Amino acid sequence: MTKRIEGVLTAIVTTFDDYGDFCPKRMRKQVQRQLNNGNSIFCNGTNGEFFVLTSKEKMAVTETCVDEVAGKAPIMAHIGEISTRETIKLGKEIQKLGVDAVSVIAPYFIPLKQDELIYHYTKIADSLTVPVFLYNIPARTGNTIMPETAAKLGEHPNILGIKDSAGSYESLKGFLDVANNMDGFDVLTGPDSLIYQGFVDGCVGSISGLANVAPDKINAIWKHYKAGNLEQSKAAQDAVGELRKNLYATVFSPAAVKKALSIMGQEVGVSRYPIEFSTKDLADIKNIVSKL
């Protein structure tokens, strides 16, 4: 791995133009905005709407991000597809672009046994040279990576950790227990509500969707924690609690985040998946943004 993955990585939105096509120019502005606030980049994730991007677009997004980051910070790209074959195919192309690591969501739609998840991830890690991070988000995939499965996969020299987006402290703690008993296996938090607690308990980083909207406020949690100022880090976490709760209560995250960014004057386009904002949704998001 070129750079160790740590601190805040923004699960950056994929910017579209006014016609709904990927817009590199807008993407570069969002990358710079994150770098200016001390955050690294995680592209093609849930907030990047990977589920509505073509493989060609995922390549273009990654290439744009890598070029704009220009080695100034770590960059991770998500490559997970439903099939092992397609994940490997995309991963081989993505790793050529210079990312520091890739993350792989558990296959979705198809229910899998733990042994099948081990097979899936092992084949991927065997096939790639770029470091691989598991990505656990059972609410979206229907498949849960169990801690014992993560422990088994962590024995692979090319699997360096897991991003846990299950949403509960219990889930995060299970993976931290694995990491605490295994060298070279790191845990990254997914939920914005667990960033501070994750750092305190041993997480090396956080992949944050909310950092799109409040890059400085999310980075403050890491900045103060790294400096040893735990009270200030906890206060920074508490400060974004209502923001997270209220924004994510409107509509599914990527669209809510993009709408907030648009209201803030950031050109990011609209989400591709079917979404409709009610009058109340829009009023709520405007109110949320006005308090930033």
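Predicted model: local features only at pLDDT ≥ 70, side-chain atom pairs only at ≥ 80, totals over all residues.
Me: Let's start with helix H13. How many residues does helix H13 have, and what span does it reach from its first C-alpha to its last?

Reply: Helix H13 runs over residues 279–290, which gives 12 residues. From the first C-alpha to the last it reaches 17 Å, close to the 16 Å expected at 1.5 Å a residue.

Me: Which residues of H13 are buried?

Reply: Those are Asp 281, Ile 285, Ile 288 and Val 289. They cover an arc of only 95° around the axis, so they sit on the same side of H13.

Me: Why do residues three or four places apart point the same way in an α-helix?

Reply: Here is the general idea: an α-helix has 3.6 residues a turn, so residues three or four places apart point the same way.

Me: What do the buried residues of H13 pack against, and which residues are exposed on the other side?

Reply: The buried residues pack against two helices, H11 (241–247) and H12 (253–263). On the other side of H13, the exposed residues are Thr 279, Lys 280, Lys 286 and Ser 290.

Me: Now for a loop. Is Glu 81 buried or exposed?

Reply: Glu 81 has a relative accessible area of 13%. Buried means under 20%, so Glu 81 counts as buried. This residue is in the loop between strand S3 and helix H3 (84–94).

Me: Leaving aside its neighbours within four places in sequence, which residues is Glu 81 in contact with?

Reply: With those neighbours set aside, Glu 81 is in contact with Lys 58, Glu 86, Thr 87, Leu 90, Pro 107 and Tyr 108.

Me: And Ile 82, where does that residue lie?

Reply: Ile 82 lies in the loop between S3 and H3. Its relative accessible area is 34%, so Ile 82 is partly exposed.

Me: Let's look at Phe 109. Where is its place, and is Phe 109 buried or exposed?

Reply: You will find Phe 109 in the loop between strand S4 (101–105) and helix H4 (114–127). With a relative accessible area of 75%, Phe 109 is exposed.

Me: What is phi of Phe 109 near?

Reply: Phi of Phe 109 is near 75°, a positive value in a residue other than glycine. Ala 70 also has a positive phi, near 50°. The place of Ala 70 is in the loop between helix H2 (55–69) and strand S3 (75–78).

Methods. Residues numbered from 1 in each chain as written. Heavy atoms only, no water. Helix = DSSP H or I, 4+ residues; strand = E, 2+ residues; numbered from the N terminus. Buried < 20%, exposed > 50% of the residue type's maximum accessible area, 1.4 Å probe, protein only. Expected span 1.5 Å × (residues − 1). Arc of directions from axis to C-beta. Contact = heavy atoms within 4.5 Å.
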